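Welcome! Here is a short tour for anyone meeting this protein for the first time.

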Amino acid sequence: MESENWQESIADPAHFAKLRVQYDRDGYLIFPSVLDAEKVATLRAELAPYLDQNLAGRNDFEGLKTNRVYAMLAKSPLFADLAIHPLVLAFAEAELGRECLLSACLAINIHPGETVQPWHYDDSHFRLPRPRESLGLSAFWTIDETTEENGATEILPGSHLWPEQQIEGGNTFSTFKDRTEKSQDDDPGARPDAVKAVMPAGSLMIAKGTLWHRGGANRSNQPRLIITPQYCPGWTRTLENMSLAVPPEIAATLPARARELIGYSIHPPFMGYVDGMHPARRLPQ
């Protein structure tokens, strides 16, 4: 699907239903070239001041040669536009409900020399037995082209249906303390069934929260940059504390749907109220 055709995916109910069957089967979908080059360049420019700080990850999961930029909606309304993109929201709302929330939103910039990330699935923090329904949807927007060499996200198709709570080379609690320098050839999680999500810049991949995946090793001589908004049902706790990450005075300037996604909304009948009232009433006027 090229950039001018992604609208058909959600405008035609029969087409959308067919895509959802594929999504339920494989656990992910790829939409090439959704954003045009101008939009991609603008997003890159907005990120530049934060990437220029070159803050490296703190452990093996974040990546010792990887930059991560958090609290994205507090940094530019352009990132809110990604979070509320109609193609992503169509799937997120169908999967998680209209009252879904933005659980996290971050940029991930993998530098040359970075090793593979441990295998993980994004809604593992709920610690519920598998197999089960997904409690999340992750979007991967490519700001750089992702290739075999530069660290394209690796996925295990169909793994959202697996019962395994852990796999070889998978994430553990110790991963978040591990600062050991590793060789790119040191890969205990190498698998023949892994697929690299190779995409042009401006593309979108969506993945179920139960899909096993990992960031790839960057064997190129250039960084690889993506932006990943992640969604959860409205009755769950978000990974990123959006009410602190996005100050009220900034939240008040965001599009209405973005405000709802970061918690200025009610999950029926009344989950999320503030002092007995709708939280949006607490925003600066």
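## Buried share and overall build

Of the 285 residues in the protein chain, 51% count as buried. Keep in mind as you look around that this is a predicted model.

The protein chain is built from eight helices and nine strands. Its radius of gyration is 18 Å, close to the 19 Å that the globule rule gives for 285 residues, so the chain is as compact as a globular protein of that length. Along the principal axes, the C-alpha atoms fill a box of roughly 55 × 40 × 40 Å.

## How the chain meets itself

Take the contacts in the protein chain with a separation of 6 or more: 85% of them are between residues 24 or more positions apart.

In soluble globular proteins, nonpolar side chains tend to be buried together. Here, the largest nonpolar core has 51 residues, and Phe91 and Tyr231 are those with the most contacts inside it. Helix H5 (residues 86-96) gives this core its largest share, six residues.

What does Phe91 touch, leaving aside its neighbours within four places in sequence? Phe91 is in contact with Phe16, Leu19, Arg20, Tyr23, Leu29, Phe31, Leu137 and Ile206.

Key:
Residues numbered from 1 in each chain as written. Predicted model: local features only at pLDDT ≥ 70, side-chain atom pairs only at ≥ 80, totals over all residues. Heavy atoms only, no water. Helix = DSSP H or I, 4+ residues; strand = E, 2+ residues; numbered from the N terminus. Rg over C-alpha atoms; globule rule 2.2 N^0.38 Å. Buried < 20%, exposed > 50% of the residue type's maximum accessible area, 1.4 Å probe, protein only. Contact = heavy atoms within 4.5 Å. Core = buried A, V, L, I, M, F, W, Y, C linked by side-chain atoms within 4.5 Å.
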